[in-house]
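Student: I have not looked at this structure before. Could you take me through it by question and answer?

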Number of protein chains: 2
Amino acid sequence: MRYELYYWPSIQGRGEFVRLALEEAGADYIDVARLPRGIPALTRFIQDEPEGRPPFAPPFLKAGKLVIAQTANILLWLAPRHGLVPRAEAARVWMHQLQLTIADWLVEAHDTHPPIGGAFYYEDQKPESLRRAAHFSAERLPKFLGYFERLLKREKGGWLLGRTFSYADLSLFQMVAGLRYAFPRAMERLAPRHPRSAALHDRVASRTRIAAYLASPRRIAFNQHGIFRHYPELDP
Amino acid sequence: MRYELYYWPSIQGRGEFVRLALEEAGADYIDVARLPRGIPALTRFIQDEPEGRPPFAPPFLKAGKLVIAQTANILLWLAPRHGLVPRAEAARVWMHQLQLTIADWLVEAHDTHPPIGGAFYYEDQKPESLRRAAHFSAERLPKFLGYFERLLKREKGGWLLGRTFSYADLSLFQMVAGLRYAFPRAMERLAPRHPRSAALHDRVASRTRIAAYLASPRRIAFNQHGIFRHYPELDP
């Protein structure tokens, strides 16, 4: 089955967590909105809601007749079909829990640059962004990083499930990569305390399929329109 | 099996979505942090992380040896065990998708009052709150409400799955109830356009076990420490 992924074509955003899983799985998929006439195909789903169960927002994945939205929900569905999570229920529940924790972390990282809402331009809310970014770097970032570092320390083996690789490792890789782009100085300062997350990042990046993906034009570069944005004044 | 729910004892918050499901199911559970010495029992999990797979934050549910965190993840696990979701996989994926959409909506409702981050007092970020709340009421609230109203219109039958009641109905009830508390004027203005969500709210409230729960001291009243807070100036 050829999957159809629907997500904004010019950013990594939430869709990137799904792209990484599809790439690692070697799945047959098309990134619909990046094709000619792809954006109308995406917006048709959202605006006209032609399907019986319309998604509220991208990303969503079409798998045969099924249309699945919400990043963590897509991964929950995809992972067991492609060997990206163990069979045992307890492990699946735990991986999904970590993915949802990463989703919360992502919202907090995102909200540093438009804390008053995405409808406003960054330039119109700079004082608020400065305040929130300072709080994020000083309190929230170390809290989330520390949590995942402790998990890696506990499990040994290098992955979040110890010696078993899973999709949550891809997601943690993406968080570290994105945060290094957006907050290079804060991440540099915190680096000595999080050697295991850094090692996981490098191990993911060097996996055969992921390395090929990262070197390909399919990997959109981080940019100032995505969830992770670099504003030097927010990362003093 | 007696479940143990761990959540802050003085607010509805995210834990309320789990409480509603447990109550509707007639499940045997204790709300640990509301018992004597319950709060230390909760914080021990978060601070000492004694378990193999520590949650990042409440709510979490202890079910035998399993400790499950993340509201939507808890409901995903609980619902099929208590008849709160159909057996068919497609229905479960769809209900989880709606629950995660509600979780996003909840974050946006929450962030109207402390948009710069929960670590600051509302009084210190009033201008930001005014701006964000105006955007929420004018754009985001109608967008989310409209989405769920269209789903109910499409499905007929009165529930999000048509004639089949599910836990997502409990969660939509909770959103309507909370938003009416926090934004009574905005919700009043929008009411004519959302008769089905209002009808769903009333039908849920009159279900035998939910009605008994809402009338009991187990239901914590909405208050100014929870996710839904009423500031008259944010709801002009």
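Student: Which residue does Phe60(A) stand opposite in β4(A)?

Tutor: This is a predicted model, so what follows describes a prediction. Strand β3 (residues 60–63) and strand β4 (residues 66–69) of chain A pair in the antiparallel sense, over four bridges. In β4(A), the residue opposite Phe60(A) is Ala69(A).

Student: Which residue in the turn between β3(A) and β4(A) has a positive phi?

Tutor: The two strands form a hairpin, with two residues between them. A positive phi of about 65 degrees occurs in that turn, at Gly64(A).

Student: In what order do the strands of the open sheet in chain A stand, and which are at the edges?

Tutor: Four strands of chain A form an open sheet with mixed pairing, in the order β2-β1-β3-β4. Each edge strand has a single partner strand, so one side of it is left without a neighbour in the sheet. From one strand to the next the twist averages 20 degrees. The edge strands of chain A are β2 (29–31) and β4.

Student: Which residue is the bridge partner of Tyr3(A) in β2(A)?

Tutor: Strand β1 (residues 3–6) of chain A pairs with β2(A) in the parallel sense, over three bridges. In β2(A), the partner of Tyr3(A) is Tyr29(A).

Student: How many of the 11 residues of helix α1 (residues 15–25) of chain B are buried?

Tutor: The cut-off for a buried residue is 20 or more other C-beta atoms within 10 Å of its own. Among the residues of α1(B) that count as buried are Phe17(B), Val18(B), Leu20(B) and Glu23(B). What covers the buried residues includes β1 (3–6), β2 (29–31), β3 (60–63), α3, α6 (167–182) and α9 (208–214) of chain B. The helix is largely enclosed by the rest of the structure, because the buried count is 10 of the 11.

Student: What residue just after α1(B) takes a positive phi?

Tutor: The place to look is just after the helix. There, the residue with a positive phi of about 65 degrees is Gly26(B).

Student: How is helix α5 (residues 126–155) of chain B oriented against helix α8 (residues 195–205) of chain B?

Tutor: The two helices pack with their axes 8 Å apart, at an angle of about 80 degrees. That angle makes α5(B) and α8(B) roughly perpendicular.

Student: Which residues of α8(B) make that contact with α5(B)?

Tutor: By class, the contact of α5(B) with α8(B) has four nonpolar, one polar and three charged residues. On the α5(B) side are Leu145(B), Phe148(B), Glu149(B), Leu152(B) and Lys153(B). On the α8(B) side are Arg196(B), Ser197(B) and Leu200(B).

Student: How do the residues of the contact of α6(B) with α8(B) divide by class?

Tutor: The axes of α6(B) and α8(B) come within 9 Å and cross at roughly 110 degrees, which means that the helices are roughly perpendicular. Residues of α6(B) including Leu172(B), Phe173(B) and Val176(B) meet residues of α8(B) including Leu200(B), His201(B) and Val204(B). The contact divides into eight nonpolar, two polar and one charged.

Student: Which element gives the most to the side of chain B that touches chain A?

Tutor: In chain B, 29 residues are in contact with 29 residues of chain A. β4 (66–69), α3 (71–78), α4 (89–110) and α5 of chain B each supply at least two residues of that side. By class, the side has 15 nonpolar, seven polar and seven charged residues. The most, eight residues, comes from α4(B).

Student: What kind of axis relates the two copies?

Tutor: Chain B is superposed on chain A by a rotation of 180 degrees with 0.0 Å of shift along its axis, at an RMSD of 0.0 Å. The copies meet through the same surface, because 100% of the interface residues of chain B are also interface residues in chain A. The two copies are therefore related as by a two-fold rotation axis.

Notes: Residues numbered from 1 in each chain as written. Chains lettered and ligands numbered in written order. Predicted model: local features only at pLDDT ≥ 70, side-chain atom pairs only at ≥ 80, totals over all residues. Axes fitted to C-alpha atoms, helices over the stretch in contact; angles between N-to-C directions. Parallel < 35°, antiparallel > 145°, perpendicular 65-115°, else oblique. Contact = placed C-beta atoms within 7 Å. Nonpolar A, V, L, I, M, F, W, Y, C, P; charged D, E, K, R; others polar. Least-squares fit on C-alpha atoms with pLDDT ≥ 70 in both. Pairing = 2+ DSSP bridges. Buried ≥ 20, exposed ≤ 12 C-beta atoms within 10 Å, placed from the backbone.
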